[in-house]
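Please look through the structure shown here before reading on, and keep it in view while you read.

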Amino acid sequence: MRSKTILINNSNDYNNFLSKINIYKSILYCNTLFVLKNNINNQMIDYIINALNIKNRKKRIVYIYDSSCELIDDNTKNINICGFKNNKCYVQRKIKNGKCNGCCRMCIYQTKDGCPTKNLACKLFNCSEVRKRYEVIEYKDLKLLKVLSLKNQIIIKSDYFSKREDVLKDLYSYTLTFSTLRIVYRLTKNFIKFNRKQKESN
């Protein structure tokens, strides 16, 4: 396997590197080991280089997905960013609508102890109230996601209320049409389950 040294000394080098990711992740570099020489403090570069050096498609997707979740979780570690009190978030307490569990209230996977799975789309969503109070990681901040295909970048933005395993299967598929059908079917099925559960609890 040949090697290619990536030299990043300043923000211009970094932006230039980001502009070439589409080329670096292509078949042209499938047998290239990227070696980083980095003189600026930017953790994201290490994640991107690690992803580019994973040549197995599924393993690369898993690494990017899990690492992105990890970056978001580390940024909000030990912080109650939604301001939950008695299962009500900032907004629900403010408008007093009688609802609980914030944005997660429609998800069938929610538990009294929080989310039992890792959904990147959900982690990237923050309401205006949260964004006003905290500096949260947004989609544009996760440059690591550029290593994914365009199809997978679209899925990451929209695959809400799904288990990690299901999202990964959507990302593994080669066509957006098939992934979209899976997502729509799953959301419909989950919506029916949620309504049934609501009726049983009333």
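Predicted model: local features only at pLDDT ≥ 70, side-chain atom pairs only at ≥ 80, totals over all residues.

Residues are numbered from 1 along each chain as its sequence is written, and side-chain values use heavy atoms, with hydrogens and water left out.

The secondary structure of the chain consists of 10 helices and two strands, where helices (H or I, at least four residues) and strands (E, at least two) are DSSP runs numbered from the N terminus. Starting at that end, the order of the elements is β-α-α-β-α-α-α-α-α-α-α-α. A box of roughly 65 × 35 × 20 Å, taken along the principal axes, is filled by the C-alpha atoms of the chain.

Of the 202 residues in the chain, 35% are buried; buried means under 20% relative accessible area, exposed over 50%, and partly exposed in between, with a 1.4 Å probe and protein chains only. If we take the contacts (heavy atoms within 4.5 Å) between residues at least 6 apart in sequence, 66% of them join residues at least 24 apart. The side chains include 39 positive and 16 negative ones, and the centres of these two sets lie 4 Å apart. In that count Lys and Arg are positive and Asp and Glu negative, with His and the chain ends not counted, and each charge is placed at NZ of Lys, CZ of Arg, CG of Asp or CD of Glu.

We now turn to the aromatic rings. A search of the whole structure finds seven aromatic pairs; rings of Phe, Tyr and Trp (its six-membered ring) pair if their centres lie within 6.5 Å, and planes under 30 degrees apart count as stacked, over 60 as edge-to-face and the rest as tilted. The rings of Tyr24 and Tyr29 have centres 5.2 Å apart and planes at 85°, so this pair is edge-to-face, and both Tyr24 and Tyr29 are buried. A tilted pair is formed by Tyr160 and Phe161, with 6.5 Å from centre to centre and 55° between the planes. Tyr160 counts as partly exposed because its relative accessibility is 30%, and Phe161 counts as partly exposed at 25%.

Tyr24 and Tyr29 also belong to one aromatic cluster with Phe17 and Phe34. Phe34 is placed in strand β2, residues 32-38, and is buried because its relative accessible area is 3%. Leaving aside neighbours within four places in sequence, Phe34 is in contact with several residues, including Tyr24, Tyr29, Lys4 and Ile49.

What lies 24 Å from Phe34, C-alpha to C-alpha, though 138 residues away along the chain? The residue is Tyr172, and the charged end of Lys58 sits over the ring of Tyr172, 5.0 Å from its centre. A charge sits over a ring if NZ of Lys or CZ of Arg is within 6 Å of the ring centre and within 35 degrees of the ring normal.

Helix α10, residues 176-201, holds Ser179, which is buried because its relative accessibility is 0%. Apart from neighbours within four places in sequence, Ser179 is in contact with Lys151, Ile155, Asp170 and Ser173. Phe194 also lies in helix α10 and is buried, with a relative accessible area of 10%.
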